[in-house]
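Thanks for coming, everyone. I would like to walk you through one structure this morning, so please keep the sequence and the model in view while I talk.

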Amino acid sequence: MQWLGLAAGLLVAVTAGAQTPNDLSRCLAELEAPARQAGVSAATWREHTTGLVSEPRVIAALNTQPEFSTPIWDYLAVLVDDERVAQGQAMLSTHAVVLRRVHERFGVDPATVVAVWGVESNYGQGFGRYPIVQALATLSCEGRRQTFFRGELFAALRIVQAGHFPAERFVGSWAGAFGHTQFMPTTFERLAVDFDGDGRADLMGNTADALASTAHFLQRAGWKDGQVWGFEVQMPNGAVPASGEGRRVKRDAGHWRSLGLRRADGNALPANLPQAGLMRPAGPQGPAFLVMRNFDAVFSYNAAESYGLAIAHLADRLRGGAPFVTAWPTDDPGLSRADRRNLQTLLLMRGHDIGEVDGALGERSRAAIRAEQARLGWPVDGRAGQRLLQALRQP
Ligand code: CA
């Protein structure tokens, strides 16, 4: 979901550093009247905003969103790794009946829905731990995008007021997204579905509700059942001028065929190819993709091409598809979560106090990585790829 936290949290563990919380009372006093106009009662406002202080980690996270700040090969290496493919395939089997009914009702196939679930919360294994009202109050009073987050804060308070979730259990990402597939509060109000019919759209406690709500979102975003999101292509060098490129620049099959584009496996483009845009997220040297309207539907879940590609590719892998054919333009490919755990173990063996081996490279792991980079005489940037993993395996 927009400004998601969990996919982000897997990549960058944000810590508060030296920041201390700020008193939000003056800012919140100014927000009470608009909140009342937005349907938040005086009692709800008082109960849930009195004495709130800011959460500095929320602002730190706002400023380090990995889908924009991480190289795409690192982003995809952790979000589409063998573990997530295997677990997703197990989920497809475990939830086959619900997923089939969701497909029938909303026209979104099981692999796509499960891919969103896998990226957003690792199949329900991590929802985020930020109290949502506090996180959104912080974002409403500090940082950029305050206007957007105020709308989400008021929605979060309406959700608590309506009794959908008890306030103490209403926790989620730093950006206020919550549940199995990380809906923002306004999205919950607009699109959440009570699929099991118990009277509640329980996106935190009920898998069927969460999967159906995700399919509902994609359906409303224009998903076309039976169409692919797109696929990897190969293209002659210099075939496409920069002005003819981009997710939004949709052209028909004849155009792409005339430029010599083929599927990545060398086959011709399908005869019935709908309008498609050319996307090269790492520039002309990396993998190239033709993307169609279903990619745009996923993109609307979280507006980043890297995010859309993670969902789309994971869905393909869940269906048995292969990794991309063209390599990313780097001599130091990214690390899966298993690689990251191996790296952390090697750092521990070298005496670095990095805490728990959890596959998430937080501040202490990054500090250890920088120390090893300095020891090796490498540029010290705190990023770990396959090269450092190999180097640490040497005695
Ligand atoms: Ca329900």
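I will begin with the second largest pocket, which has a volume of about 530 Å³. A pocket here is an open set of points on a 1 Å grid over the protein atoms alone, where a 1.4 Å probe fits and there is protein on both sides within 12 Å along at least five of seven lines, and lining residues have an atom within 4 Å of a point; the volume is the space filled by probe spheres set on the points, which are joined across faces, edges and corners. The lining of this second largest pocket comprises 22 residues, and those nearest its centre are Trp73, Leu76, Ala77, Val80 and Gly334. Two or more lining residues come from each of helix H6 (72-79), helix H7 (82-94), helix H16 (305-318) and helix H17 (337-349), and H6 gives the most, with three residues.

Before going on, a word on the source: this is a predicted model, in which local features need pLDDT of at least 70 and side-chain atom pairs count only at pLDDT 80 or more, while totals for chains, interfaces and linings use all residues. Residues are numbered from 1 along each chain as its sequence is written, and side-chain values use heavy atoms, with hydrogens and water left out. Helices (H or I, at least four residues) and strands (E, at least two) are DSSP runs, numbered from the N terminus.

As for the overall layout, the protein is divided into domain 1 (5-220), domain 2 (230-291) and domain 3 (337-393), with bounds that come from an automatic or database domain assignment. The C-alpha centres of domain 2 and domain 3 lie 38 Å apart.

Let me turn to the sheet. Five strands form an open, antiparallel sheet in the order S4-S6-S7-S3-S5, where two strands pair if DSSP finds at least two bridges between them. Its edge strands, each pairing on one side only, are S4 (246-251) and S5 (262-263). Strand S6 (residues 276-279) is joined to S4 by two antiparallel bridges, with Gly246 partnered by Leu278, and S6 pairs with S7 (residues 288-291) over three bridges, also in the antiparallel sense, with Gly277 partnered by Val291. Which way do the residues of S6 point? Ala276 and Leu278 point one way and Gly277 and Met279 the other, and all are buried, buried meaning under 20% relative accessible area, exposed over 50% and partly exposed in between, with a 1.4 Å probe and protein chains only.

Asp196 is partly exposed, with a relative accessible area of 39%.

Finally, Gln182, in the loop between strand S2 (171-172) and helix H12 (185-191), has a positive phi near 55° and is buried, with a relative accessible area of 0%.
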